[in-house]
Amino acid sequence: MKAYSSNDIKQELASLPPKKLIELCLRLVRFKKENKELLSFLLFNSHDEPAYVSAIKEEMDDEFAELPKPNWFHTKKALRKILRSISKYSKYTNNKESEVEMRLHFCRHLNKPGKGYKKVTAIVAMYAQQLKKIDTLINLVHEDLQYDYRKELEDVKAM
C-alpha cells in the first residue's frame with residue numbers, strides 16, 4: 001500500500017477532533033518503522049477495511065506473479081517477504097477476520113496446481129505453519145464467521 005504525502009496526512013489530522021487525534025497518536029507510538037503507513041491506514045483506509053484487504057490481496061497477486069521461477073532459494077525468500085507484509089498489514093488493521101482472509105489468500109496461491117511448491121520442504125513447512133496460524137485465528141473470530149472460515153480452510157487444504 002502506498003503511504004499518503006505528509007501534506008495530505010496533515011490536512012486530515014487538522015480536520016479531526018482532539019480526542020480522536022490523541023487516540024491515533026497513542027496507537028502510532030507503538031510502531032516505529034512503519035509510522036507513516038500506519039497513520040495512512042488509520043486516516044484513509046480504516047473506514048473501508050474490505051477495500052483495504054482486497055488491495056492487499058491484489059498486491060499479493062502481483063508479488064506472486066513476480067516470484068523467481070527456477071530458483072527455490074529466492075522463491076522462498078520472496079514468500080517470506082510476502083508473509084512479513086501480511087503480518088505488518090494485520091497489525092495495522094488489528095482485525096482477526098482481515099488477517100484470516102489475507103493468510104487464506106496466501107495459502108490459496110501456494111496451493112495452486114502446477115507451481116511445484118510441494119517438492120520444496122521449506123515451502124511446505126511454511127504452508128503448514130500458515131494453516132496452523134489460520135486455524136488459531138479462526139478460533140478468535142466471531143462464532144458466525146468461524147463456520148465460513150473453517151469451510152474455506154478445508155477448501156484450501158483440499159486443493
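**View 1. Glutamine 130 sits in helix α7 (helices are DSSP runs of H or I, at least four residues, numbered from the N terminus).** This is a predicted model, where local features need pLDDT of at least 70, side-chain atom pairs count only at pLDDT 80 or more, and totals for chains, interfaces and linings use all residues. Residues are numbered from 1 along each chain as its sequence is written, and side-chain values use heavy atoms, with hydrogens and water left out. Glutamine 130 counts as buried because its relative accessibility is 2% (buried: under 20% relative accessible area, 1.4 Å probe, protein chains only). Its side chain makes a polar contact of 2.6 Å with that of arginine 103 (N or O atoms within 3.5 Å, one able to donate a hydrogen and the other to accept it). Leaving aside residues up to four places away in sequence, glutamine 130 touches Leu83, Arg103, Phe106 and Cys107 (contact: heavy atoms within 4.5 Å).

**View 2. Here's the largest nonpolar core, with 39 residues.** Such a core joins buried Ala, Val, Leu, Ile, Met, Phe, Trp, Tyr and Cys through side-chain atoms within 4.5 Å. Phe64, Leu79, Phe106 and Leu110 touch the most other members. Beyond four places in sequence, leucine 110 touches Phe64, Leu79, Tyr117, Ile123 and Tyr127.

**View 3. α4 packs on α6 at about 25°.** Their axes, lines fitted to C-alpha atoms over the stretch in contact, lie 10 Å apart. The pair is therefore roughly parallel (angles under 35 degrees). Among the residues that meet are Met60 and Phe64 in α4, and Phe106 and Leu110 in α6.

Notes. Buried means under 20% relative accessible area, exposed over 50%, partly exposed in between (1.4 Å probe, protein chains only). Helices (H or I, at least four residues) and strands (E, at least two) are DSSP runs, numbered from the N terminus. Axes are lines fitted to C-alpha atoms, for helices over the stretch in contact, and angles run from 0 to 180 degrees between N-to-C directions. Angles under 35 degrees count as roughly parallel, over 145 as roughly antiparallel, 65 to 115 as roughly perpendicular and the rest as oblique.
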